[in-house]
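I set out below what I looked up in one protein model. The entries follow the order in which I consulted it.

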Amino acid sequence: MAKKRPQTKAKQPQLKDGEIPVVGAREPCPCGSGRRYKACHGRAAAHAVTELVQRPFEGLPSEGDWVALRELVPAATVELKLKESLPEGVPSVTLATVLPMAWPALRRDDGSVLIGLQNDTASGDISRDLADTLQRALTAQPGTPIQGRRAPADGPRLQELLDPEGAFEPVVHSGFEFWVPDTAHSTPEVTASLERANAAAIPTVKLSGVDAAYWCETPDKNHLRWVMPYPEEQLLDALARLHAAGRSSLGEGTRLVGSFRAHGLTVPVWDLPTGVTADDVEKPAAEFAERLATALASDAPLTPDERRARGGLTNRQVTLS
């Protein structure tokens with residue numbers, strides 16, 4: 001019998017990191033190393049999609065409003081402007097706080113696209129997940145909801161898709177009628193869904209005189225939630241200076257009670273008496289913004305009273321994300 005000749009494996013071409021496609025975790029890595037993908041280039045890819053991006057909306061116009069619509073505002077929409085022209089058949093792209101059935105996105109029958117902001121995301125970068133959803137929605141068939149998925153680690157982020165000069169102007173709604181263009185012809189199921197969603201929505205108004213400040217009404221008292229773009233430590237020092245001096249309120253009966261921490265920004269919160277409306281706090285909020293600017297400019301060490309005030313504010317800080 002003839003001896004079997006030893007078989008030689010064809011040498012796989014060596015690929016650069018940017019050229020390596022995503023394959024199954026247990027498959028050989030396309031780079032030619034001989035290891036499984038999960039133990040080779042898949043390890044870096046997995047880390048990239050799970051690493052938490054602390055400020056996912058940084059660099060977008062009106063970062064504070066992105067945070068507010070993600071965490072604080074029940075019903076709102078914003079027209080988005082992309083860097084590139086919209087594909088043929090897509091008349092508009094609209095960001096919405098929430099969509100029916102918690103869909104990540106929806107391509108309507110008329111071709112327009114709705115993107116939901118208040119959805120669970122599969123990776124640690126909300127911006128990349130939203131960009132992936134947006135790209136899929138732009139090419140979906142009209143009348144199609146877009147399902148969630150984990151975005152590719154090398155996929156674009158919103159900062160790469162949206163026009164950096166485009167205006168970001170939220171329209172706050174009292175309910176979710178924007179889900180259905182023609183509510184008069186809605187099915188009973190859709191009507192019932194809208195009624196449930198509307199019943200759960202807290203009345204909210206965006207202030208016009210300052211950026212990213214939202215008044216809301218609750219049964220016991222009203223609140224002002226104000227997303228601020230300043231570094232957290234500097235902002236807490238400034239708020240402490242004003243609080244210790246008795247200048248942190250927004251008028252009689254109002255009180256700075258603490259803050260949220262959301263997506264890398266700090267959100268001070270004021271309690272307001274039930275009778276205080278959004279219009280009532282427009283002027284006090286603008287005056288507070290001037291006082292805050294002066295306090296932010298100070299680099300003097302905090303006094304003992306100011307340190308105590310800062311400690312109280314820090315103890316009442318809640319992290320939302």
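**Basis.** I worked with a predicted model, in which local features need pLDDT of at least 70 and side-chain atom pairs count only at pLDDT 80 or more, while totals for chains, interfaces and linings use all residues. Residues are numbered from 1 along each chain as its sequence is written, and side-chain values use heavy atoms, with hydrogens and water left out.

**Whole chain.** I found eight helices and twelve strands in the protein chain; these are DSSP runs numbered from the N terminus (helices H or I, at least four residues; strands E, at least two). The chain has 321 residues, of which 45% count as buried (under 20% relative accessible area, 1.4 Å probe, protein chains only).

**α6 against α8.** I noted an angle of about 120 degrees between α6 (residues 232-244) and α8 (residues 304-315), with axes 8 Å apart. The axes are lines fitted to C-alpha atoms over the stretch in contact, and angles run from 0 to 180 degrees between N-to-C directions. The angle makes α6 oblique to α8; oblique covers what is left after roughly parallel (under 35 degrees), roughly antiparallel (over 145) and roughly perpendicular (65 to 115). On the α6 side the contact includes E233, L236 and D237, and on the α8 side it includes D305, E306 and R310. By class I read six nonpolar, two polar and six charged residues (Ala, Val, Leu, Ile, Met, Phe, Trp, Tyr, Cys and Pro are nonpolar; Asp, Glu, Lys and Arg charged; the others, Gly among them, polar).

**α6 against α7.** The axes of α6 and α7 (residues 278-297) come within 9 Å and cross at roughly 115 degrees. That makes α6 roughly perpendicular to α7. Q234, L235, A238, L239, R241 and L242 of α6 meet F288, R291, L292, A295 and L296 of α7. This contact has eight nonpolar, one polar and two charged residues.

**G175.** I located G175 in the loop between β6 (171-172) and α5 (188-200). Is G175 buried or exposed? G175 is buried, at a relative accessible area of 3%. Leaving aside residues up to four places away in sequence, G175 touches A75 and N198. G175 and A197 are 22 residues apart in sequence, yet 7.4 Å apart in space, C-alpha to C-alpha.

Terms used
Contact means heavy atoms within 4.5 Å. Buried means under 20% relative accessible area, exposed over 50%, partly exposed in between (1.4 Å probe, protein chains only).
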